[in-house]
Amino acid sequence: MTNFLKAISTIINTQIVDVASFYKSKNRINAVGDALELFVKDIFANTLKETDEAKKSIVYEQVFSYFGNANNPPDLMLINGGDAIEVKKIGSENGQIALNSSYPAAKLFADSPMITSTCRKCEEWKERDIIYTIASINSTSNKLTLLWFVYGDCYAASREVYQRVKTKIADGVISISGVEFSLTKELGRVNKVDPLGITNLRIRGMWQIEHPSKVYSCLNIKPQPNKTLRLFALVRETKYQSFPIKDREKLEALVNSNFRIEDVQIKLPDNPVKQVPAKLISYQI
């Protein structure tokens, strides 16, 4: 079964420095965003070198339980209750990440109203760890320059924190005299705004979160701007230790001048006064 550590090992072993050109050479993409999505699929499926699309599809079915869409998280889910993966593409290396209607997730839950029924029913599951994969694409060269993998429980608070804000906004609208309010998957809807009762107002949240480079600047990450591709990943120590020992040993054996695994302390998203041990992985070529 594949996992996050195997995916990182695949990136290091293949040493693809220009993701867009790699997929364009195979006539598989029209845009850099397409290349990014294919790249994430292929590093988890270990199919970067597979040229037969039929064979690749068979491997995908053995590795993933769900492929998502642009409107509902996540983009991918690993089979047998494995991690969920949400891919985000931005044009800068420190800009905010647009999450649209979905607030940040420390975990992905099967009862979330923001996921599709197909995602919910693809296999038996209640909750999963989620990896935010954040790619910075240079607007001039159209190349992937910076790639972050961050586990949700390093990045986001518990869902109750965000749900409380959503509920307070809905309660505030409900309290307005003369407003007919309906709960929706978004923040809500005000019905029959005009005298004819034919106009509704959708209230939609547009969630954003700070870029990991800014959130974790205290870790003294030391990005090297002269490198073609810079990769960083953050995972709690407990999650790291949960991976098979052979996968940990294989990854740790790759440590060199371009690749590092460091022990760090990060703030607990639910209570920043406390810290938890984590692993910071960096790869710059």
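Predicted model: local features only at pLDDT ≥ 70, side-chain atom pairs only at ≥ 80, totals over all residues.

**Pocket first, then the helices**

I sorted the lining of the second largest pocket by class and got seven nonpolar, eight polar and five charged residues. Numbering runs from 1 along each chain as its sequence is written, and side-chain values use heavy atoms, with hydrogens and water left out.

I read off a volume of about 320 Å³ for the second largest pocket. (A pocket is an open set of points on a 1 Å grid over the protein atoms alone where a 1.4 Å probe fits, with protein on both sides within 12 Å along at least five of seven lines; lining residues have an atom within 4 Å of a point.) Of its 20 lining residues, Thr 2, Lys 6, Thr 10, Ala 45 and Asn 46 are the closest to the centre. Helix α1 gives the largest share of that lining, five residues.

Next I checked α1 (residues 4-14) against α10 (residues 245-252): their axes come within 9 Å and cross at roughly 30°. That makes the two helices roughly parallel (angles under 35 degrees).

Who touches whom? On the α1 side I listed Leu 5, Lys 6, Ile 8, Ser 9 and Ile 12, which meet Asp 247, Arg 248 and Leu 251 of α10 (contact means heavy atoms within 4.5 Å). I count four nonpolar, one polar and three charged residues in this contact.

Conventions
Axes fitted to C-alpha atoms, helices over the stretch in contact; angles between N-to-C directions. Helix = DSSP H or I, 4+ residues; strand = E, 2+ residues; numbered from the N terminus. Parallel < 35°, antiparallel > 145°, perpendicular 65-115°, else oblique. Nonpolar A, V, L, I, M, F, W, Y, C, P; charged D, E, K, R; others polar. Points joined across faces, edges and corners; volume = space filled by probe spheres on them.
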